[in-house]
Amino acid sequence: MKIAVCVKRVPDTESRIRIGAGGAGIDEAGVKFILNPYDEYAVEEALQRREKAGAGEVIVVALGPDAAQETIRVALAMGADRGVLLKADAIPPDGLAVAKALAAELRDGGYDLVLFGKLAVDDYNHQVGVMVAELLGLPCISSVAKLAIEGGAVTAEREIEGGIEVSACALPAVLTCDKSLNTPRYPALKGIMAAKKKPIEVKPAQLGAVRLQVAALTPPAERKEGRIVGEGVAAVPELVRLLRTEAKVL
Amino acid sequence: MANVLAVTEQRAGALRKVSLEVVAAARLLADQLGGTVDALVIGAPGVSAAALGAAGADRVLSAEHASFASYAPDGYAATVAAAARSGGYGAVVLAASATGRDLAPRVAVLLDAPLAMDVTGLATDGGAVVATRPIYAGKVIEALRFSSSPALVAVRPNTFQPAAAGKAGTVARTEAVVPAARVTVLEVKEAQGGVVDVAEADVVVSGGRGLKGPEHFALIEDLAGAFGNAAVGASRAVVDAGWRPHGEQVGQTGKTVSPSLYVAVGISGAIQHLAGMRTAKTIVAINKDKDAPIFKVADYGIVGDLFEIVPKLAEEIRKARAG
């Protein structure tokens, strides 16, 4: 089974994010970058599928700056076979432009399965995986929380508001992965050492036309100073009164 | 190019609440562009469309097909794209719901038009659509300017207020496009008892580590019940510990919520959690640690033992709502 996993380098979710001097990007000084948490599920799923099939190859594809090679190495340390970096110094906010670059790389790869995380926790664009599938003319099930693949037939569950949607498609397919799909492994020391020797091919990203521009970045509106209503159960009646008369939510 | 297409959502033939919000967002854009709003309803024959005129649509377009009773990714996308092309719209507005997040990127490719996801504000600047959206889970607000048309935007649930009174929309048929389905929805398993999703609920009651064990979430469920139709949420710590399902997680690797009221119980307020709920209109925090970061964003806080406070609060809320 030949599987591609598309990953992204993102700031750690525990990072404080400050807007950079130019106002068009974030200040990366002191920010720790990680493999996008949802992509970990995609990498893990690919590894498990390869192990189950007994043969195959897992190729990690990232689009981003040179530093994204470190992100690819994390996936290689988990057990992926090789990496491809589509080099772009800045990732545009236009998800379709990004999807076109990834689709161009994946189109003739002969992949049985292409996996993405369901979203990246930096820009929350939540669109690139599905777009790549559509550009390639492949079936796509997004935000997969449970997955079965039997003889080329895919059955997947995804969470919808107040329920679960069960979908089916055939391989080759593109899937985007949600949190409850599996438990990602930690890279073992042996894996980290082995990853250093695994190849990463670097080539320029063939981005599509960028038709969405960042007009401004602003900090979120500050919440007005709140107050401690009181301590213990004695404060409950006052809280309820405030919710009713001041906040008017009851 | 001043007209706007609003792509609505139905489940089992009934319009979802977010559909009215999509129409409201489309109305807002159309008024600025000087155009009209067409609301598209996709469903099985007989799907209800009556409410959309009142929500602010000038015209309702109904695309009916037997295969459209539940979500059909390929057919829905092709139908939206066909409607968008035939109307020559300047903008297409969808919902950033579970279905919309799957549908909108497909439509973007079919129309070769860029998409702004999870939009919380809409404006125009010299005829161009500018969409505002939180990134880094709300740590930064990004304004995106479209330099092409149509502008595709998917709006975050619970953000745009449905119009109180609107226009008397007329209903017209539009083509249901049914390509060979690459993906088939086999079944929708409804959660029992009309559970409200945390991302769309008007009131969210969330629990964290302070509850000490999964069995104590009964307290959270009871408090949610006291509010009527509140949803239960959870912090990442308790989801990672396996106490609660991932679908309930609020925060940067969970859901971002904007309810009228958010009640955080036994949640200290990690930065990634605050990012997910800071746009709630009113925030209440109950925590034993008076220095917990959650109190910095809470409008009202009670310091103390949640095991005493929560049952009393549920009781008082029930009384207040009954009276």
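Here are some friendly notes on this predicted two-chain model, point by point.

1. Confidence comes first. The predictor assigns the complex an ipTM of 0.95 and a pTM of 0.92. For chain B, the average pLDDT is 93, and 97% of the residues score at least 70.

2. Now for the overall make-up of chain A. Chain A holds six helices and 13 strands, and its C-alpha atoms fill a box of roughly 65 × 45 × 40 Å along the principal axes. Of the 250 residues in chain A, 50% count as buried.

3. Next, the interface. Chain B brings 76 residues to the contact and chain A brings 68 residues. On the side of chain B that touches chain A, the largest share comes from α4(B), with nine residues. Sorted by class, that side of chain B has 40 nonpolar, 15 polar and 21 charged residues.

4. Which helix of chain A packs against α4(B) at about 45°? The partner is α4(A), residues 128–136, and the two axes are 8 Å apart. An angle of that kind makes α4(A) oblique to α4(B), and their crossing is right-handed. From α4(A), the residues A:Val130, A:Met131, A:Glu134 and A:Leu135 meet B:Asp102, B:Pro105, B:Arg106, B:Ala108 and B:Val109 of α4(B). The residues of this contact divide into six nonpolar, no polar and three charged.

5. Within chain B, α4(B) (residues 98–111) also packs with α3(B) (residues 73–87), at an angle of about 50° and with the axes 9 Å apart. These two helices are therefore oblique to each other, and α3(B) passes α4(B) in a right-handed crossing. On the α3(B) side, the contact residues are B:Pro73, B:Tyr76, B:Ala77, B:Ala78, B:Val80, B:Ala81 and B:Ala84. They meet B:Asp102, B:Leu103, B:Arg106, B:Val107, B:Leu110 and B:Leu111 in α4(B). By class, this contact has eleven nonpolar, no polar and two charged residues.

6. B:Arg106 deserves a look of its own. It sits in helix α4 of chain B, and its contacts reach into both chains: B:Arg106 touches A:Val130, A:Glu134, B:Pro73 and B:Ala77, leaving aside residues up to four places away in sequence. Is B:Arg106 buried or exposed? B:Arg106 is buried, because 25 other C-beta atoms lie within 10 Å, and the cut-off for buried is 20 or more. For a sense of distance, B:Arg106 and B:Asp31 are 27 Å apart in space, C-alpha to C-alpha, and 75 residues apart in sequence.

7. On backbone geometry, please check two peptide bonds. Most peptide bonds are trans, and most residues other than glycine have a negative phi. In chain A, the bond from A:Leu171 to A:Pro172 is cis, with omega near -5°. A:Pro172 belongs to the loop between β9 (163–170) and β10 (173–177) of chain A. In chain B, a cis peptide bond joins B:Ser149 and B:Pro150, where omega is about 0°. B:Pro150 lies in the loop between β10 (140–146) and β11 (151–155) of chain B.

8. Two non-glycine residues with positive phi are also worth a glance. A:Lys248 has a phi near 55° and is placed in the segment after α6 (236–245) of chain A. A:Lys248 is exposed, as 11 other C-beta atoms lie within 10 Å. In chain B, the phi of B:Ala12 is about 50°, and B:Ala12 lies in the loop between β2 (10–11) and β3 (14–15). With 12 C-beta neighbours inside 10 Å, B:Ala12 counts as exposed; the cut-off for exposed is 12 or fewer.

How values were computed:
Residues are numbered from 1 along each chain as its sequence is written. Chains are lettered from A and ligands numbered from 1 in the order in which they are written. This is a predicted model: local features need pLDDT of at least 70, side-chain atom pairs count only at pLDDT 80 or more; totals for chains, interfaces and linings use all residues. Axes are lines fitted to C-alpha atoms, for helices over the stretch in contact, and angles run from 0 to 180 degrees between N-to-C directions. Helices (H or I, at least four residues) and strands (E, at least two) are DSSP runs, numbered from the N terminus. Angles under 35 degrees count as roughly parallel, over 145 as roughly antiparallel, 65 to 115 as roughly perpendicular and the rest as oblique. A crossing is left-handed if the near helix is turned anticlockwise from the far one by less than a right angle, and right-handed if clockwise. Two residues are in contact if their C-beta atoms, placed from the backbone, lie within 7 Å. Ala, Val, Leu, Ile, Met, Phe, Trp, Tyr, Cys and Pro count as nonpolar, Asp, Glu, Lys and Arg as charged, and the others, Gly among them, as polar. pLDDT is the predictor's confidence in each residue, from 0 to 100.
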